[in-house]
Amino acid sequence: MALIPYDDRDGWIWWDGEFLPWRDARLHVLSHGLHYASAVFEGERAYSGNIFKLREHTERLIASARILGFEIPYTAEQIDAACQEAVARNGFTDAYVRPIAWRGSEEMGVAARLNKTHLAIATWEWGAYFGVEQRMAGVRLGMAKWRRPAPDTAPTASKASGLYMIGTMSKHAATDEGFDDALMLDYKGDVAEATGANIFFNMGGELHTPKPVCFLDGITRRTVMGLARKRQVKVVERTIRADELKDASEVFLAGTAAEVTPVREIAGIAYTPGDLTRMLMTDYEALVRLSPEQVAKSGA
């Protein structure tokens, strides 16, 4: 299948309060966000025309920018409306939505107090992150050599663009070795997450997941935990040592892009997607198709 570059497509992108033709949404090469990673973003999915947990994503976007020291010049209500209008204007019902905020090109240097903050929102049709057949069979994870940094060395509570550099490097290394993705450890050598999704383990019928000390407490992560509790499954957030990987019977990833994706291997340790994974996949797929009001009432 031919690759369709993301800068050469039809459609509309919301940019600083107005819609631009897709190919006209360009920024200057001397933008601060490009050189110094002063940018934050969100990944959202629209299902049946509704963006799942939109307000939670918007609030995290605003909070991420504040952690990096800049203010997005739009209210949460304005950002929500722009995201919804971007999906509608491009004629989508099921789509991926990418808001991104960054510092502009007024100053070039580490300091950027005078730089204007920009916000853009793009949306496109995007199916299963790992592909439908691959996702159902379960993905294979290698072990990343890069680790998630300590929270006193990087703004780990922010969905900051710069924090994804080691994720890209780790995923490239994993795919070069024949894996689909990589498991990243934290700065202490304990289990953290995959390169762009949180991770869960079935251990003795309980759902175990690492505490988000140095990585994002994902919106899908919290949703899955809520669904598990509604099913009377005990959820345990704790430090998970790397040598405990062999103790799990099931493993799955959870994230906006990945949704709920079974894992069949981590660096030679095999797992079989089972009833718990299938149940949570089914429950999540049903939840995202509800209206925003029904999602709120669900408590998940």
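Student: Which residues of H2 are buried?
Tutor: Leu54, His57, Thr58, Arg60, Leu61, Ile62, Ser64 and Ala65 are the buried residues of H2. Buried means under 20% relative accessible area, exposed means over 50%, and partly exposed lies in between (1.4 Å probe, protein chains only).

Student: What sort of model is this?
Tutor: This is a predicted model, in which local features need pLDDT of at least 70 and side-chain atom pairs count only at pLDDT 80 or more, while totals for chains, interfaces and linings use all residues. Residues are numbered from 1 along each chain as its sequence is written, and side-chain values use heavy atoms, without hydrogens or water.

Student: Back to H2. What span should it have, and what span does it have?
Tutor: Helix H2 covers residues 54-67, and its 14 residues should span 20 Å at 1.5 Å a residue. Its end C-alpha atoms are 20 Å apart, which agrees. The expected span is 1.5 Å times one less than the number of residues. Helices (H or I, at least four residues) and strands (E, at least two) are DSSP runs numbered from the N terminus.

Student: What follows H2?
Tutor: Glycine 69, with a positive phi near 95 degrees.

Student: And H6, how many of its residues are buried?
Tutor: Nine of the 12, so H6 is largely enclosed by the rest of the structure. Among them are Ile219, Val224, Met225 and Leu227, and also Arg221. Helix H6 (residues 219-230) reaches 17 Å from its first C-alpha to its last, close to the 16 Å expected. Just after H6, glutamine 232 has a positive phi of about 65 degrees.

Student: Changing topic, how many salt bridges are there?
Tutor: The whole structure has 22 salt bridges. Each is a side-chain nitrogen of Lys or Arg within 4 Å of a carboxyl oxygen of Asp or Glu.

Student: Which residue pairs with arginine 140?
Tutor: Glutamate 265, at 2.7 Å from N to O. Arginine 140 is in strand E8 (residues 139-143) and glutamate 265 in strand E15 (residues 259-266), so the bridge ties together parts that are 125 residues apart in sequence. Glutamate 265 is buried, at 15% relative accessible area.

Student: What does arginine 231 meet?
Tutor: Its side chain meets that of aspartate 283 in a salt bridge of 2.8 Å, N to O. Arginine 231 sits in the loop between H6 and strand E13 (235-238), and aspartate 283 in helix H7 (residues 275-287), so parts 52 residues apart in sequence are tied together.

Student: Are those two residues buried or exposed?
Tutor: Arginine 231 is partly exposed at 44% relative accessible area, and aspartate 283 is buried at 14%.

Student: What about glutamate 244?
Tutor: Glutamate 244 bridges to arginine 238, with the closest N and O atoms 2.8 Å apart. At 8% relative accessibility, glutamate 244 is buried.

Student: Which residues make up a salt-bridge network?
Tutor: Lys53, Glu56, Asp217, Arg221, Arg222 and Glu237 are linked in one. Arg221 is also one of the buried residues of H6.

Student: Which residues form a nonpolar patch on the surface?
Tutor: Val29, Leu30, Leu34, Tyr36, Met108 and Val110, which together have about 600 Å² of accessible area.

Student: Where does valine 110 lie?
Tutor: Valine 110 is in the loop between strand E6 (95-103) and strand E7 (117-124). With a relative accessible area of 70%, valine 110 is exposed.

Note on methods: Patches are made of residues with over 30% relative accessible area and no salt bridge: like charges are joined within 9 Å, nonpolar side chains (Val, Leu, Ile, Met, Phe, Trp, Tyr) within 5 Å. Accessible areas come from the Shrake-Rupley method with a 1.4 Å probe; for residues, only the protein chains shown count as cover.
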